[in-house]
Each structure stands twice: as structure tokens, then as C-alpha cells.
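Please read it beside the sequence and the 3D view.

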Amino acid sequence: MQFGRVDGIVVLVETPEGPGLRLTVSLETGSRLTVVREETLRPVRSLDDPTALSWHADQWTQETIGVELALEGWEVVSGGEVPDPEPGALARSASYVVRHLGPT
């Protein structure tokens, strides 16, 4: 059995279609850090709320775990809290502890 931690961040970017969010979801397993998902997505709700960026980071990180990582045999063991936004800091998801039951 192998354990890891999954985190996501989003950064507000301008796209030809308007505001977009650059999502990066990473999986850390011991001394290895792998970017699992990296793409620019359209916001699914208003960005007026100060917690909106972190909310998006968390929703898309959960989606990545439930779809992409689940297909590779990973499952969530526990999750933390979405951090409160701080001025100048990256918008982050909660940190999720995951495990892989198959061969490593």
C-alpha cells in the first residue's frame, strides 16, 4: 500500500474568452511530486467572493481525485479544510491524503 497527498492551486488568468483559472493538481508520494492535472478552465461561479478561487481549486481537486486518480487506483483516506484566502497567497484546495492499494 502506498500513501500520498493531493493538493490543488488556481491562478486567475486572462484568456481570449475572458477570465480563466489555471488549475494545477499535484500528487506527492514520498520524495516524488507529480503534476496530475494542469489546465485552464472557465469559472463555474462568480469570482466576486474572496473564497471563490479556493472553492474552485477544491472542487476541481476533488474531481481530479474522483476521476483521474481513481482510474489509477487511488482513493481518499482523509481531507483537511480549505484554507482561508490570504492576500498575495495562491488559492489552494484542502490537502487530501490518498492511498493506492495496488502494486506500486
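## Contacts and fold

Contact here means heavy atoms within 4.5 Å. The model is predicted. Among contacts in the protein with a separation of 6 or more, 52% join residues 24 or more positions apart.

Read from the N terminus, the elements run β-β-β-α-β-β-β. The radius of gyration is 14 Å, close to the 13 Å that the globule rule gives for 104 residues, so the protein is as compact as a globular protein of that length.

## Extent and surface

Along the principal axes, the C-alpha atoms fill a box of roughly 45 × 25 × 20 Å. Of the 104 residues, 34% count as buried. The accessible surface of the protein comes to about 6300 Å². Carbon and sulfur atoms hold 52% of that surface.

## Largest pocket

Rolling a probe the size of a water molecule over the atoms shows where empty space is left. The largest pocket holds about 220 Å³ of space. Two elements give two or more residues to its lining: α1 (52-71) and β5 (91-92). The helix α1 gives the most, with three residues.

In total, 15 residues line the largest pocket. Which of them lie nearest its centre? They are Pro 85, Glu 86, Ala 89, Leu 90 and Ala 91. By residue class, the lining divides into ten nonpolar, one polar and four charged.

## Second largest pocket

The second largest pocket holds about 160 Å³ of space. Its lining consists of Gln 2, Leu 27, Thr 29, Arg 32, Thr 34, Val 35, Val 36, Leu 69, Glu 72 and Trp 74. By class, these residues divide into five nonpolar, three polar and two charged.

Which strands each supply at least two residues of this lining? They are β2 (18-29) and β3 (32-41). Strand β3 gives the most, with four residues.

## Arg 45

Arg 45 sits in the loop between β3 and α1. Is Arg 45 buried or partly exposed? Its relative accessibility is 32%. Buried means under 20% and exposed over 50%, with partly exposed in between. Arg 45 therefore counts as partly exposed.

Leaving aside neighbours within four places in sequence, Arg 45 is in contact with Thr 51, Ala 52, Trp 55 and His 56. Take Trp 55 as one of these partners. Arg 45 and Trp 55 are ten residues apart in sequence. Their C-alpha atoms are 9.5 Å apart in space.

## Glu 28

Glu 28 lies in strand β2. That strand also supplies at least two residues of the lining of the second largest pocket. The relative accessibility of Glu 28 is 29%, so Glu 28 counts as partly exposed.

Which residues does Glu 28 touch, not counting those up to four places away in sequence? They are Phe 3, Gly 4, Arg 5 and Leu 33. Glu 28 and Val 98 are 70 residues apart in sequence. In space, C-alpha to C-alpha, Glu 28 and Val 98 are 9.7 Å apart.

Notes:
Residues are numbered from 1 along each chain as its sequence is written. This is a predicted model: local features need pLDDT of at least 70, side-chain atom pairs count only at pLDDT 80 or more; totals for chains, interfaces and linings use all residues. Side-chain values use heavy atoms; hydrogens and water are left out. On a 1 Å grid over the protein atoms alone, a cavity is a set of points where a 1.4 Å probe fits but cannot get out, and a pocket is an open set with protein on both sides within 12 Å along at least five of seven lines; lining residues have an atom within 4 Å of a point. Grid points are joined across faces, edges and corners, and a volume is the space filled by probe spheres set on the points. Ala, Val, Leu, Ile, Met, Phe, Trp, Tyr, Cys and Pro count as nonpolar, Asp, Glu, Lys and Arg as charged, and the others, Gly among them, as polar. The radius of gyration is taken over C-alpha atoms; the globule rule is 2.2 Å times the number of residues to the power 0.38. Buried means under 20% relative accessible area, exposed over 50%, partly exposed in between (1.4 Å probe, protein chains only). Accessible areas come from the Shrake-Rupley method with a 1.4 Å probe; for residues, only the protein chains shown count as cover.
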